[in-house]
Amino acid sequence: MVAAGVAFAPPADAAARIETLIAAMTLEEKAGQLSCFNDEIRPVGAVFNPVVAARGAAAMLDDIRAGRVGMLFNGYGVAGARRAQEAALESRLRIPLVFAADVIHGCRTIFPIPLAEAAAFDPALSERAARAVARETAAGGIHWTFAPMVDVARDQRWGRVAEGAGEDVLLGSRLAAARVRGFQGGDLRRADAVLATPKHFVGYGAVRGGMEYAAVDMSDAELRETHLPPFAAAFAAGAGATIASFTDFNGIPVTANRHLLTDVLRGELAFAGVCVSDYDADRELIAHGVAADEPDAARRAILAGIDMSMQSGLYVRHLPALVRAGHVAVEAVDQAVRRVLALKEALGLFDDPFRSLDAGVETRATATPAIKALAREVATRSIVLLRNDGELLPLPRAGRRIALIGPFGADTANLNGPWSFAGDPRAGVDLATGLRAAMADAGGDAGALTVEAGCAVDADLPGGVERAVAAAHRADVVLLAIGEGGDMSGEGNSRVSITVPAAQQRLAEAVAATGKPVVVLLRHGRALALEGAVRDAPALLATWFLGEQTGHAVADVLFGRVEPTGRLPVSFPFATGQQPWSYDRRATGRPAPADSPMAPGRSHWRDAPDAALYPFGSGLGYTRFRLTDLNVPARIAIGAAVPVAVRVTNVGARRGTTLVRADIHDRVASRTQPVRRMKAFRHVTLDPGASSIVTLPIMARDLTIITARGDRAVEPGMFDVIVALGDQAPLVASFEAVARGSAGTG
């Protein structure tokens with residue numbers, strides 16, 4: 001697997017400038033270029049990590065003037081950035097700073113969390129969103145975003161599931177590339193481009209037990225088949241930086257893992273950009289037990305392939321002495337400095353240190369109507385309709401008494417979810433506001449909406465359930481707004497039990513007991529294990545953390561202004577104890593029959609099948625589609641693409657959009673293979689009664705596997721093609737992969 005990314009090979013004059021600077025730099029100045037610190041000159045107020053090595057703005061400016069800082073991160077605002085850059089230009093060599101931030105799903109305007117956006121299954125939409133976010137981010141004086149997170153995550157207990165694209169390799173790879181293209185645009189030197197940083201290299205999504213920062217153990221084949229492809233796609237799209245995973249990987253923490261950071265990242269993937277440690281991760285090598293002290297940790301990190309040390313200060317404190325003592329070769333330091341300076345050249349900072357630091361642009365390009373409209377569009381496309389018994393939805397915007405019950409009905413504090421960076425909570429549109437606006441726009445009575453919290457996120461409210469039940473009795477339909485609080489997902493928020501909090505579950509049971517039809521509006525940053533009245537509600541919408549346009553987006557879908565087109569990027573389990581679980585799990589020797597998932601002596605838990613409540617790809621619309629006429633050649637030459645065609649018909653009464661996907665199962669291979677794995681997907685929009693032949697080409701590389709010998713190849717034999725709409729029963733066809741010259745029409 002080779003993914004030739006941006007080499008940051010500067011033109012001859014710029015390369016000469018870099019070499020001249022390196023020759024002129026002291027060891028202390030070189031260590032400074034390899035050190036990045038939390039921006040205390042223009043803090044955003046949010047605390048994303050434990051405070052380490054805080055120094056204050058005045059001391060930080062002094063360090064910048066002394067050449068001891070190469071990058072500042074997680075600050076916002078042009079005025080403070082100009083102040084810091086002016087200090088950098090007062091340093092001996094006048095090397096500009098680069099400003100970075102954890103802009104994960106929006107800067108000032110907060111978009112849906114990446115997991116929610118992944119539910120749209122639309123790389124073009126993700127690219128548009130990243131481009132818009134990049135413009136707003138750059139306007140705030142930021143050159144570099146620590147996104148996208150491209151970790152494949154199969155364990156929903158892990159809090160950082162919220163930051164990625166879910167459990168599937170293909171979807172994760174397509175969205176990784178799209179987001180990189182969007183962030184970086186066509187030219188990194190443009191004032192509205194930001195450098196992308198696919199992270200965390202590599203395997204972070206497979207932490208043991210879903211516990212944050214825990215160890216990772218995996219086979220080489222699993223690494224290459226599942227966890228490397230999204231990085232390869234991101235690097236091929238031009239990403240010029242990456243962040244190393246916090247974790248221990250097969251016994252060696254990634255920050256000190258030369259095999260991963262040099263042999264695999266630099267060699268196998270041909271990555272030529274900058275590799276940054278995660279926050280304080282080099283110092284954490286001591287706690288891991290592989291470094292004796294700070295100098296030893298710094299030595300191990302630089303020799304493994306970490307170019308920049310984040311926040312710990314280890315490089316600036318210890319690298320000069322390590323080089324002078326002969327423990328680190330100066331060539332290793334120079335190579336890291338060369339990469340960092342090449343990155344600054346690629347961003348145009350040597351020619352224009354004040355690039356993206358224009359107060360007028362900051363005012364004009366922040367929180368514009370256009371970016372808010374796009375945030376609303378992305379939010380509506382992210383919503384997944386999981387259940388709609390009796391076609392309860394869409395609701396009419398007038399003529400119904402609606403009770404909006406739950407802690408998230410009139411709440412703005414939990415709209416954005418984790419990593420909302422510089423977002424303004426006051427800009428958020430809560431559910432009640434969005435619903436009332438939609439009802440008023442239709443000429444309905446906004447007063448027909450009653451709002452009751454019923455309980456807090458994880459606690460009862462005095463009399464709350466009683467008031468909620470009374471409101472339900474007075475209503476024609478109940479909207480139950482429940483789920484996770486904004487601080488229950490994201491970094492450091494692993495959960496042992498991924499159920500709805502107990503107080504909210506009690507509220508749901510009491511409301512359901514009224515007998516009124518209930519629509520659950522689930523808020524969450526991961527797949528949840530649903531129980532009781534939540535699981536059994538007549539209608540269920542996965543609404544994730546949708547950002548500041550939440551209320552408008554949910555109203556758009558509830559009232560049918562927008563068709564629900566989202567599909568699950570992660571599988572909702574029957575129970576927490578099934579984790580980790582994914583739709584593309586490997587085959588077992590005793591699979592349970594589909595018509596008897598709890599058959600004795602077969603693969604299942606004692607109290608749950610080897611299946612998901614709502615598997616990857618699940619989702620409904622407000623119309624119905626049917627698949628017929630699946631066409632796949634009987635024989636395919638190894639090395640050729642597989643043409644798959646199927647007829648899709650809208651058999652419902654509304655115009656609608658559906659997602660058609662094609663999965664592959666390799667029947668007999670030298671290593672056990674997934675029961676299915678998605679290889680192609682495509683949206684189709686049809687009027688009622690209309691049909692279309694949809695082609696889903698499966699590329700030759702999509703049939704390759706890591707063989708028992710350890711190489712990547714297509715093994716001859718029979719393959720099943722599984723074509724599906726959401727979680728409907730699929731159509732299945734088969735073909736034989738044969739050596740070239742042996743294929744025929746069959």
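Strand 14 (residues 477-483) and strand 15 (residues 518-523) run parallel, joined by six bridges. One of the pairs is Val-478 with Val-518 of strand 15. The model is predicted.

These two strands belong to an open sheet of six strands, in the order 11-16-15-14-12-13, with mixed pairing. Its edges are strand 11 (384-388) and strand 13 (449-452), each of which pairs on one side only. On average, neighbouring strands of the sheet are turned by 15° against each other, direction ignored. Strands of a sheet pair through backbone hydrogen bonds, either parallel or antiparallel.

Now the whole chain. The secondary structure comes to 21 helices and 30 strands. Some overall values follow.

| Property of the protein chain | Value |
|---|---|
| Span of the C-alpha trace along its principal axes | about 75 × 70 × 45 Å |
| Radius of gyration | 26 Å |

A compact globule of 746 residues would have a radius of gyration near 27 Å, so the chain's 26 Å agrees with that. Buried residues make up 62% of the 746. Among contacts between residues at least 6 apart in sequence, 79% join residues at least 24 apart.

Asp-102 lies in the loop between strand 3 (98-101) and helix 5 (114-118). Is Asp-102 buried or exposed? Its relative accessible area is 7%, under the 20% cut-off, so Asp-102 counts as buried. Leaving aside residues up to four places away in sequence, Asp-102 touches Asn-74, Phe-146, Lys-199, Trp-419 and Phe-421. With Lys-199, the side chain of Asp-102 makes a polar contact of 3.3 Å to the Lys-199 side chain.

Note on methods
Residues numbered from 1 in each chain as written. Predicted model: local features only at pLDDT ≥ 70, side-chain atom pairs only at ≥ 80, totals over all residues. Heavy atoms only, no water. Pairing = 2+ DSSP bridges. Helix = DSSP H or I, 4+ residues; strand = E, 2+ residues; numbered from the N terminus. Axes fitted to C-alpha atoms, helices over the stretch in contact; angles between N-to-C directions. Buried < 20%, exposed > 50% of the residue type's maximum accessible area, 1.4 Å probe, protein only. Polar contact = N/O pair within 3.5 Å; in protein donor to acceptor, adjacent residues only side chain to side chain. Contact = heavy atoms within 4.5 Å. Rg over C-alpha atoms; globule rule 2.2 N^0.38 Å.
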